[in-house]
Amino acid sequence: MPEMSYAQALNDALGQALANDPKVLVMGEDIGHHGGVFAVTKGLLERFGPKRVIDTPISESGFLGAAIGAATVGYRPVVELMWVDFAMVAMDPIVNQAAKTSYMSDGRVKVPLVIRTQQGAGRGNGAQHSQSLETMFAQVPGLKVAAPFEPADAKGMLMAAVEDDGPVIFLEHKLLYTRKGDVPGGRHVVPLGKAKVSRLGQDVTLVGLSRMVELAETAAKELSRQGVEAEVIDLRCLVPLDIETIRVSLQKTGRVVLVQEAHRSFGWAAEVSARLMEDSFDDLKAPVRRITSEDVPFPYNQRLEASVMPSVPKVVAAALSLCQDY
Amino acid sequence: MGEQDWRVGALSEMYRIRAFEEQSADFYRQGLLGGSLHLGIGQEAVAVGAVGALRSADQVTMTYRGRGQALAKGVSAAAMFAEMLGRSTGTSHGKGGPMHIYSPEAGAMGTNAIVAAGIPIAAGLALAAQLDESDRVVMTFFGDGAVNQGAFHEAMNLAAIWKLPLVLICENNLYSEMTPIREMVVQDDLADRAKAYAIPAAVVDGNDVVVVRQAAEEAVQRARSGQGPTFLECKTYRLVGHMLGDPEVYRTRDEVERWAANGPLVRLEASLVRDGRLTAKACEEMQAAAREEIQAAAAQALAEPEPDVAQALTHVF
């Protein structure tokens, strides 16, 4: 299996999708000639031409609406929003149009649209370029929400998203683009809505999404040195949410730490916590713990930024206290 | 364009739309509809004139006031009534409602409850037509209020840079919801906005189905032959409130009556009678026939069952 970076894996998925299906389009700002600000669409314009790889003006609301229109008549646009923060000027096409068209037409009009974007803090990008907004989308019925961590999943989940007949919000992480991993060649599809156990352990379960899986895995190594074996789950998707994989792990460990990069309040960790309370109460030996970013905009200064974000020591401390106190 | 023939058909279609809207109001007053109801009474010439220039494979996007345009495009009256009544045989099996009419087989790609939201979607439908290398044309209807939305401007620019086969029909009924449009823009003619995007534009009397049709034919021809988008401002007037129950504090009864006397049906009837094409009696008979057809569609819809409650959970994705 070839080793690729996360960005190369995504590029490979887009190339495969464009080659396999003439209805696939790639659209967005600076994605053609420039190849995308994170190089995810590099070389696609040269390979597939300007009818398939379409540079757009800086008009997120306009070109997302247009992508929806094209999708309703059989195209499969994969639209890049350069930063997730830019989705905020295009919430109407995402929330009122793409998410609801299938339902409002009772399945007579489908919107096979992928909105690729990147999010996350830790790069000193300041408050308007560092958010993790997955829950905003996950709260809207009709949108699937995927956030891969491993390069192989980035490829496989993007291919699944392109083949999906409804809108998928595909959240990449700006600090994962250079992450390397083995990536299967050719058609590689990882179904949406299936979490992955990336490390086995019996003392505590650490659940992360996107880059937070990296923190959980690093924390698990540290915990192991201290005699605690953590199981690590890469959630991979918020919608559909694979609560079952977490429940099964919890039956073994009885303890869970949820590691969420988004702000603390009303995030996915709160939802997962509530579901475990409702459905797995008897399996819980200890309260569910959340390690999240603080409820403040992300500060520019990187020491300040790091201070409000989840970190390995915070995850380790939470896991140890659960194991020691309960 | 065979004017002698098509004007009679246009009058008949305008009668159908008027009857449909009046029947809708009856349903609303009887408490049979949920939510709000926005009628296009007085704007029938725009729907019939503009849609009359299209082929069946062409597509339209519309607004929450757009059921008349959907009817003109060939959507079934009975299925639309059933949708409004929340019945299982409705265009969306009762899950969309009056503001969400989809009938892709008729080329009706959605009415929309968000002002201007249908315009970028229409641009995308036009992009698809262009990528398909088909000669399909897309027409998007929107009101005067929509020209102050960002989505309108973004879509105008996309249509211009990509030279899309798109016809933009602005129904200027003088009021953006409950506020005079003249207080919300500085131009007298909204068509002036098209200049900023180098899109050919025209201002037409939207209560005269003949001029609407002529302008639409030119715009459709331009789009179909690869010459890009056209903006048409159709000046018209909504003879009823923004929605049923609107107290209409923003205008006088006098003003409404003046426009009613100059309404699109009255004018077309008068010109057809003057030209010796129809007698007043023939007009009455046509109108009665349209009412009868629409009432039959309404009765059919009323007899249809409601959807099973389990349907509430389907087709989410």
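## Basis of the model

Because the model is predicted, local features need pLDDT of at least 70 and side-chain atom pairs count only at pLDDT 80 or more, while totals for chains, interfaces and linings use all residues. Residues are numbered from 1 along each chain as its sequence is written, chains are lettered from A in the order in which they are written, and side-chain values use heavy atoms, with hydrogens and water left out.

## Chain A

The C-alpha trace spans about 60 × 40 × 40 Å along its principal axes. The radius of gyration of chain A is 20 Å, which agrees with the value near 20 Å for a compact globule of 326 residues. This radius is taken over C-alpha atoms, and the globule rule is 2.2 Å times the number of residues to the power 0.38.

Of the 326 residues in chain A, 64% are buried, a term for under 20% relative accessible area with a 1.4 Å probe, protein chains only. Among contacts (heavy atoms within 4.5 Å) in chain A between residues at least 6 apart in sequence, 82% join residues at least 24 apart.

## Chain B

Chain B has 10 helices and seven strands, and its C-alpha atoms fill a box of roughly 55 × 50 × 40 Å along the principal axes. With 317 residues, a compact globule would have a radius of gyration near 20 Å, and the 19 Å of chain B agrees with this. Buried residues make up 57% of chain B.

## The interface

At the interface, 40 residues of chain A are in contact with 37 residues of chain B. The area buried between the chains is about 3,100 Å², of which carbon and sulfur atoms give 63%; buried area is the accessible area (1.4 Å probe) that two parts lose on being put together, summed over both. A:Tyr103, A:Asp106 and A:Arg108 supply 24% of the area that chain A buries against chain B, more than any other three residues.

Four salt bridges are found across the interface, each a side-chain nitrogen of Lys or Arg within 4 Å of a carboxyl oxygen of Asp or Glu. A salt bridge joins B:Asp132 to A:Lys23, with the closest N and O atoms 3.2 Å apart. On the side of chain A that touches chain B, α3(A) gives the largest share, 10 residues.

Note on methods: Helix = DSSP H or I, 4+ residues; strand = E, 2+ residues; numbered from the N terminus. Buried < 20%, exposed > 50% of the residue type's maximum accessible area, 1.4 Å probe, protein only.
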